[in-house]
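Me: Could you walk me through this one slowly? I'm new to reading structures.

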Amino acid sequence: MPHDHHDDCCSHGDHVHDHDGDDVGPNDNLFPYIDRPNVVALNATAQGSDVIKPWHERRNEDVFLESDADEQLIIRVPFNGSVKLRTLLLKTGPGDQTAEKVFLYANAPSLDFSDVQDMTPTQEFEVPVSSDSLRVPGQVSTLREAAKFSSLSSVTIFIPSNQGADTTKLFYIGFLGHWSQRKDNPVVTVYEAQANLADHEKIQGTDGNFNTTQS
């Protein structure tokens with residue numbers, strides 16, 4: 001679609017239902033490892049980081065994210081490290097402004113509306129409507145293909161539709177899982193104590209100012 005815009009619960013497969021309790025506690029909450037300044041929301045009236053809240057603010061409804069030109073939203077969430085994601089927590093609504101479906105994409109940091117239709121989501125699930133959606137702290141989906149959500153540097157959330165309203169509203173996005181320090185491959189650089197000009201090939205068009213090492 002073209003865009004002209006600038007009581008907790010548990011999951012069994014893709015079926016989500018509500019229940020009371022705080023059993024999805026903060027021990028494996030990934031909030032501290034989200035690169036919040038670089039969270040990006042497309043087709044939104046506010047910053048994507050507004051709904052990346054700490055655990056104790058997950059019920060807060062004063063700050064929210066709403067779609068702009070239509071009901072679709074894309075939120076790109078980068079992590080500071082390598083993440084093994086197991087659960088998405090989402091508070092959306094109320095009523096017809098509740099997301100109908102959610103598509104998740106692993107390690108797709110540049111995904112936007114021009115290419116999202118051509119990509120297969122890593123996982124998708126439906127979000128049920130609750131009559132108490134504003135009092136429920138979130139919808140929870142356990143990721144059934146955990147292997148595809150390991151070694152994450154980012155996750156992108158695409159909401160293609162809602163329950164019938166013109167716009168979609170989100171209050172909270174959270175993640176549960178395991179974080180580890182990213183292990184980047186070391187860069188090996190060889191320095192010459194004294195360069196031998198005979199070992200270097202002149203780059204054409206540089207008048208001898210730049211050289212490249214021969215392989």
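**Arg-86 and beyond**

Reply: A polar contact of 2.6 Å joins the side chains of Arg-86 and Asp-28, where a polar contact is a pair of N or O atoms within 3.5 Å; within protein, one must be able to donate a hydrogen and the other to accept it, and residues adjacent in sequence count only if both atoms are side-chain atoms. This is a predicted model, in which local features need pLDDT of at least 70 and side-chain atom pairs count only at pLDDT 80 or more, while totals for chains, interfaces and linings use all residues. Residues are numbered from 1 along each chain as its sequence is written, and side-chain values use heavy atoms, with hydrogens and water left out.

Me: Where does Arg-86 lie?
Reply: Arg-86 lies in strand β5, strands (E, at least two residues) and helices (H or I, at least four) being DSSP runs numbered from the N terminus. Arg-86 is partly exposed, at 37% relative accessibility, on a scale where buried means under 20% relative accessible area, exposed over 50%, and partly exposed in between (1.4 Å probe, protein chains only). Its C-alpha is 5.9 Å from that of Leu-176, although 90 residues separate Arg-86 and Leu-176 in sequence.

Me: And Thr-92, buried or exposed?
Reply: Thr-92, which is also placed in strand β5, is buried, with a relative accessible area of 4%. A polar atom of the Thr-92 side chain lies 3.1 Å from the backbone nitrogen of Ala-99, and a polar atom of that side chain lies 2.9 Å from the backbone oxygen of Lys-169.

Me: New topic: which residues touch the most other members of the largest nonpolar core?
Reply: They are Ile-75, Val-102, Ile-173 and Phe-175, in a core of 30 residues; a nonpolar core is a set of buried Ala, Val, Leu, Ile, Met, Phe, Trp, Tyr and Cys residues joined through side-chain atoms within 4.5 Å. At least two residues of this core come from each of β5 (73–92), β6 (101–106), β9 (152–159) and β10 (169–180), and β5 gives the most, with 8 residues.

Me: How confident is the predictor, as a mean pLDDT of the chain?
Reply: The mean pLDDT (the predictor's confidence in each residue, from 0 to 100) is 77, and 67% of the residues reach 70 or more. Over residues 5–21 pLDDT stays under 50, and it is also below 50 over residues 197–215. Where pLDDT is low, the predicted coordinates should not be read in detail.

Definitions and conventions:
Contact = heavy atoms within 4.5 Å.
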